[in-house]
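Hi,

Here is the structure I promised to pass on. Have a look at it first, and then read my notes below.

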Amino acid sequence: MSLALSTLVYEWRRYLAAIIALAFSGLLVLATVGMFTGIVHSVLATTERSRADLFIMPVNAPQMIDSNTSLPARVQPLIYLNPEVVDVESLNGDGTTWVNVPAPGQKQVRTFVQVWSIDTEPGALTLPVDYPDSVRLALSEPGAAVVDVSDLARLGVQVGDTASLNGHTVHIRAVLHNYQNVNQPTVVVSRQTMRMLKIETDDSRIGPLMVKIRDPSRAAQVTDALNAASHGAYLALTKAQLGANDEKALLSEQIIGVLLIFFVVLAVGIGIGITSQTLRGAILSNIREFASLRALGISMGSLRLVVMELSFWVGIAGLFATALLTWLVSFGTSAIGLPLVIRAQPAGLVCAMLMILAVVSGAMAMGILKKSQPADLLR
């Protein structure tokens, strides 16, 4: 075990503040990015858990975040021209007004909700793969609706209650799990109930379209073939491509970009400020030991390398602490309906950022080694 690592192990209390500072710096950035990414996946859970292999989107709207994703109805039969396509269905959804029917003494809730329609036949393309059969059967009833269990309080209803959706009566017949939406509550109905609610009135517009192909492993090749034959009428995307576009669209919004930059700058300031001062204080407390090493003939350059290695190991410890804190925070956010989604790329960038902060902090603390004069041992 090297001198730097053994120093960190046996005197970990002196370096704990630096490790915690790095951990909170990493958590600040990771949690922010993960929170915004989680918003995308909670809003679009219906599409991400569908049985579709491809999605057909408008050319000028390659994502579902803040865009009009409807297509001309004439596009749907064009997709069947590809011999590998076995099913094409329209995913219909729109926003409308929700009003609950309060019980005596209960508060009336009037809010705006996102409504999605699905087909209730077993194995239907628009039916998410994790819907239990009880929910599918419940939605088969005309006028039935389901919501995520986390939205019951926001909508002021319980299973069995009645509410008004777009001025029409619906009945809450079941609840979903892991379909949280912090932006606005989501209500799911059958395609037949959607027509009854008259939320969508323009039959000439549909979509986006969900596509099932014979061999899901050829999704990329079929996507390229569809795009080559589209002549600009539509844009075919794999499920992974659509998800990446949605994340990019959300994270590129101006206010979110400003927030991310602010949190990164704040994290860097916290990391360098606290870590460098902690390392400086820890080295100063061991200054007589460093003076002893110099008296034994150890060069100043070697001592600087010890400090740099020490800062490296502090950075490694900070990475593990960041992972632990992020894991703990994810439980709390999931409980309030907002799962953290951590991608490999931002996680890698945060790891690199923390290691750079640790090394830079070590370099800033090296100046204190000038006080390690062997003559001070005689005092």
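Among contacts in the protein chain between residues at least 6 apart in sequence, what percentage join residues at least 24 apart? The figure is 79%. Keep in mind that this is a predicted model.

Some overall numbers to start with. The protein chain has 379 residues, and 46% of them count as buried. Its accessible surface is about 18,100 Å², and carbon and sulfur atoms account for 62% of that. As for secondary structure, the chain has 13 helices and twelve strands.

The part I looked at in detail is an open sheet of four strands. Reading across, the order is S3-S11-S1-S12, and the pairing is antiparallel. Strand S3 (85–90) and strand S12 (235–238) sit at the edges, so to speak: each of them pairs on one side only. From one strand to the next, the twist averages 25°. As a quick reminder, strands of a sheet pair through backbone hydrogen bonds, either parallel or antiparallel.

Helix H8, covering residues 219–230, lies across S1, S11 and S12. Relative to S12, H8 runs at about 175°.

That's what I have for now.

Cheers

Terms used:
Residues numbered from 1 in each chain as written. Predicted model: local features only at pLDDT ≥ 70, side-chain atom pairs only at ≥ 80, totals over all residues. Heavy atoms only, no water. Pairing = 2+ DSSP bridges. Helix = DSSP H or I, 4+ residues; strand = E, 2+ residues; numbered from the N terminus. Axes fitted to C-alpha atoms, helices over the stretch in contact; angles between N-to-C directions. Contact = heavy atoms within 4.5 Å. Buried < 20%, exposed > 50% of the residue type's maximum accessible area, 1.4 Å probe, protein only. Areas by Shrake-Rupley, 256 points an atom, 1.4 Å probe, with all protein chains shown as cover.
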